[in-house]
Amino acid sequence: MPGNLFIQFAREPVPGAVKTRLVPAVTPEQACEIHTDLVRHTARVLVTAGLAEVRLDVSGDPGHPVFRECLALGVDGVRAQSGADLGERMLNALHHGLAAHERVVLVGSDCPQLDREYLGAALAALETCDVVVGPARDGGYVLIGVRCADSRWFEGVTWGTDRVYRQTATRLDASGATWQALAPLADVDRPEDLASWWALPRQR
């Protein structure tokens, strides 16, 4: 069984439906362009890290041109997300990944600080823990890695709020899972996050 899988979660770029919290600091079209750049950037980071197979799980049309670009960058496959809410979609993706891999690390597409060192630290944590979580500075998380998956970790979480990480930690503790937290990272969700994204040296 192959050891490691990275799963990138991404939404189909549709103006007015992605990065809505950036509006009105930018237009819906500009917010969509930022989202598209972040999807490409994250895929490039995961592929060039060279630490795992990389799969893109998407909400919306898997055939969208940006997802085809990710395949050209070296992503191994694109598949549609399934589930009623974000927690169920993540759980289903992790279960699917664990059917063929020993360790699965799931990341979003909005954390430009994500790099090879951070991904390597997540995989290293999974050598001794069931779960590793990369907190976001806004109270969510940018990464979750697992050697097993339990639905209790995702049930009743108020997704999209500043309580996500705390609620997840409570659920992990209650389930008896062994887990480790990485250093918090910033993601790009609000207008004040844009300066760090635009300042980051990268290929577009």
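Which residue forms a salt bridge with Asp57? The legends below, drawn from a predicted model, start with that pair.

**View 1. Asp57 and its partner Arg55.** Asp57 pairs with Arg55 in a salt bridge, and their closest N and O atoms are 2.8 Å apart. Asp57 has a relative accessible area of 1% and is buried. Arg55 is buried too, with a relative accessible area of 11%.

View 2. Because the two residues sit 3 residues apart in helix H1, about one helical turn separates Asp37 from Arg40. Both Asp37 and Arg40 are buried.

View 3. Asp189 and Lys19 form a salt bridge, with 3.1 Å between the closest N and O atoms. Asp189 belongs to the loop between strand S7 (179–181) and helix H6 (194–199), while Lys19 belongs to the loop between S1 and helix H1 (28–49), 170 residues apart. Both of these residues, Asp189 and Lys19, are buried. Altogether, the structure holds 12 salt bridges, and those that share partners join Lys19, Arg21, Asp110 and Asp189 into one network.

**View 4. The largest pocket.** Welcome to a space of about 940 Å³. Its lining counts 33 residues, with Lys19, Arg21, Leu86, Asp110 and Asp189 lying nearest the centre. Elements giving two or more residues to this lining are strand S1 (4–11), helix H3 (86–98), strand S4 (103–107) and strand S6 (141–146). The largest share, 4 residues, comes from S6. Sorted by class, the lining has 14 nonpolar, 9 polar and 10 charged residues.

How values were computed. Residues numbered from 1 in each chain as written. Predicted model: local features only at pLDDT ≥ 70, side-chain atom pairs only at ≥ 80, totals over all residues. Heavy atoms only, no water. 1 Å grid on protein atoms, 1.4 Å probe; cavity = no way out; pocket = protein on both sides within 12 Å on 5 of 7 lines; lining within 4 Å. Points joined across faces, edges and corners; volume = space filled by probe spheres on them. Nonpolar A, V, L, I, M, F, W, Y, C, P; charged D, E, K, R; others polar. Salt bridge = Lys/Arg side-chain N within 4 Å of Asp/Glu carboxyl O. Buried < 20%, exposed > 50% of the residue type's maximum accessible area, 1.4 Å probe, protein only.
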